[in-house]
Amino acid sequence: MEKKKCPQCKNLILINSPTCLYCGRPNKFITKEYVNKKWNKDKNNVFNDIFINKYVVFILLLIITISIIIFN
């Protein structure tokens, strides 16, 4: 884990921590986009990815079976 010094209290903190554990100074500028990205993950995207992957696997299996039938 990489650490850096807090500019306010000079204690070592992790680079990816949102605030300093000792003085509470924000390590990153917390914006609405940062909070939404961190906590409000879209569950629809995960469902869509799984749904699309099932169709890709189905199409590949269909192509393989057709090619086996044709070339035998």
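1. Contacts of Cys23. Leaving out residues up to four places away in sequence, Cys23 touches Cys6, Gln8 and Cys9, where contact means heavy atoms within 4.5 Å. Cys23 lies in the loop between E2 and H1; helices (H or I, at least four residues) and strands (E, at least two) are DSSP runs, numbered from the N terminus. Between Cys23 and Gln8 there are 15 residues of separation in sequence and 7.6 Å in space, C-alpha to C-alpha. With a relative accessible area of 34%, Cys23 is partly exposed; buried means under 20%, exposed over 50%, and partly exposed in between (1.4 Å probe, protein chains only).

2. Basis of the model. The model is predicted, so local features need pLDDT of at least 70 and side-chain atom pairs count only at pLDDT 80 or more, while totals for chains, interfaces and linings use all residues. Residues are numbered from 1 along each chain as its sequence is written, and side-chain values use heavy atoms, with hydrogens and water left out.

3. Confidence. The protein has a mean pLDDT of 80, and 79% of its residues reach 70 or more; pLDDT is the predictor's confidence in each residue, from 0 to 100.

4. Cysteines. How many disulfides does a search of the whole structure find? The search finds zero, a disulfide being a pair of cysteine sulfur atoms within 2.5 Å. Cys6 is in no disulfide, and its nearest cysteine sulfur, that of Cys23, is 3.7 Å away. Cys20 is likewise in no disulfide, with the sulfur of Cys9 nearest at 3.6 Å. Cys6 is buried, at a relative accessible area of 2%, and Cys20 is buried at 3%.

5. Glu2. This residue, Glu2, is placed in the segment before strand E1 (3–5). Glu2 is exposed, with a relative accessible area of 61%. Neighbours within four places in sequence aside, Glu2 is in contact with Ile13, Leu14 and Ile15. The C-alpha atoms of Glu2 and Ile13 are 8.5 Å apart, the two residues being eleven apart along the chain.

6. Surface patch. A nonpolar patch on the surface is formed by Tyr55, Phe58, Ile59, Leu62, Ile63, Ile66, Ile70 and Phe71, which together have about 890 Å² of accessible area. Patches are made of residues with over 30% relative accessible area and no salt bridge; like charges are joined within 9 Å, and nonpolar side chains (Val, Leu, Ile, Met, Phe, Trp, Tyr) within 5 Å. A salt bridge is a side-chain nitrogen of Lys or Arg within 4 Å of a carboxyl oxygen of Asp or Glu. Accessible areas come from the Shrake-Rupley method with a 1.4 Å probe; for residues, only the protein chains shown count as cover. Ile66, in helix H2 (residues 43–71), is partly exposed at 43% relative accessible area.
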